[in-house]
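Here's a quick briefing to read alongside the model. Have the viewer open and follow along.

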Amino acid sequence: MNIQTKSQFVAVASITSELSAVMVVAKEISLAAANAKAIAFRAGDKAKGFQPITDFINELAKETIELVTSINVYALSLYQLTVNEYRKTIAYNKFELITELSKGAAYARSMEEPLEKAKITMENCQRQFKRDVKQLLDQLEAVMHHARAARVIAANSRIEASQAGEYLQSLQAVAESVDKAAHTIHDNVQRCRIALSLYRNN
Amino acid sequence: MKMTKIYEGSHQWIMFGRDENKPSNIIDSNQYAVRTANKCLLMDPGGSELFAPMMAAILHHAPVEQITDLFASHQDPDVISSLGLWDQALSNAKLHAPALWEGFIRHFGCESIEYVPIPDNGGTIKLENIELQLIPAHYLHSSANFHVYDPQAKILMSGDVGSALEPAGTPMFVENFDSHIEKMRYFHQRWMPSNHAKRAWIERVRNLDIDILAPQHGRIFKGDDVKHFLDWFDALQVGVAV
């Protein structure tokens, strides 16, 4: 297996790993939203502006979880495609070697058809891989968009928390945890995108 | 890859082996082909490292589209790990292999080739007007293991039974049975697990009319050396590691 193939395997496999970390964080945001809702309820009028934000945080976490679940399925199929492409490339290389080794054999020309077929199959796999990488990158961009939205919500939450009197600290802690989670999601997804973008145009 | 015709009649048996370009750290293996007018059967076609030289060698005897049947005596990588590559080269082929090993052998890649499972009591492979018998050889060494007997050519392809571990460039045939014994003793004592299975196989094989005993590693036995081998194996204690 050459270095590029190895890196391709690692890049695709690492997406699933990064995304499972994103999933954990998204679930934490969802918990933070539930926590914030309870605090806002207790705070009553003092946290009036905070109450609609908690629903928004929860909605965002839910959407992120759904998105990541669907990307994971996609990433798995991309991994299978990588395995397939690897197998087809190996076969094509071996068939080329057979053509070389069998020069002068009575039936050497009978390898022409399998060789041509293997070439087409390998190239189809390579094209499909590039197409799928592009689609996966688009989906990852959607998760980044959610992460950016979460950071904006965190900033708004801080402002609303400052009006909440004795609940200020609790609500600020919620805002902090949403902000931190959004950062983590952003960084993890960004790593996936960097790893994959190498293969978009190769 | 060296090619030796070991039978020529209404059909041919060809032995392939002693590949000079084989990496030195993988075991040398003998591959066999039965060639009829329009079909070709490959027996224990080898590991994936051997696929290209093996296919190139076969092209001296048959075109790709006439390689219609593969046989795997058992599941070992030196026997059939090339399957995933044959699978992509052959458009209309069957693999005859132990039913017990189907789920395992398919790990090597078997999408277009039809897996024909061999039941424990054996079966046959029909190759045009030739019928080859699949002789059970369970626990020699694999738990589901078969050998191929050709009653017309009087050849038994005996898988690992009769094998010897020898250096590269070894002759194709046993020339002096007595001096050959030490080359195969450890292999049989260590790889073959059961004296009971060994006796059952010898009893079955003694009823066959065999001129050539063709193992997967080492040299081929001819004429009286077939009987010499069966007598020697009968007396040998196997399964010595416990």
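Predicted model: local features only at pLDDT ≥ 70, side-chain atom pairs only at ≥ 80, totals over all residues.

Chain A has a mean pLDDT of 87, and chain B touches chain A through 20 of its residues.

**Confidence in chain A**
- In chain A, 97% of the residues reach a pLDDT of 70 or more.
- Among the elements of chain A, helix 3 (residues 112–161) comes out highest, with a mean pLDDT of 90.
- At the other end sits helix 1 (residues 3–43) of chain A, which has the lowest mean, 82.

**A look at A:His183**
- You'll find A:His183 in helix 4 (residues 168–200) of chain A.
- A:His183 counts as partly exposed because its relative accessibility is 34%, which falls between the 20% and 50% cut-offs.
- A:Lys88 is 95 residues away from A:His183 in sequence, and their C-alpha atoms are 40 Å apart in space.

**Where chain B meets chain A**
- On the chain A side, 18 residues are in contact with the 20 from chain B.
- Together the two chains bury about 1500 Å², with 68% of that on carbon and sulfur atoms.
- There are 0 salt bridges between chain B and chain A, while 2 residue pairs make polar contact across the interface, both at pLDDT 80 or more.
- On the side of chain B that touches chain A, the elements giving two or more residues are helix 1 (51–58) and helix 3 (83–89) of chain B.
- Helix 1 of chain B gives the most to that side, with 5 residues.
- Sorted by class, that side of chain B has 11 nonpolar, 6 polar and 3 charged residues.

Notes. Residues numbered from 1 in each chain as written. Chains lettered and ligands numbered in written order. Heavy atoms only, no water. pLDDT = per-residue confidence, 0-100. Helix = DSSP H or I, 4+ residues; strand = E, 2+ residues; numbered from the N terminus. Buried < 20%, exposed > 50% of the residue type's maximum accessible area, 1.4 Å probe, protein only. Contact = heavy atoms within 4.5 Å. Buried area = accessible area lost by both parts, 1.4 Å probe. Salt bridge = Lys/Arg side-chain N within 4 Å of Asp/Glu carboxyl O. Polar contact = N/O pair within 3.5 Å; in protein donor to acceptor, adjacent residues only side chain to side chain. Nonpolar A, V, L, I, M, F, W, Y, C, P; charged D, E, K, R; others polar.
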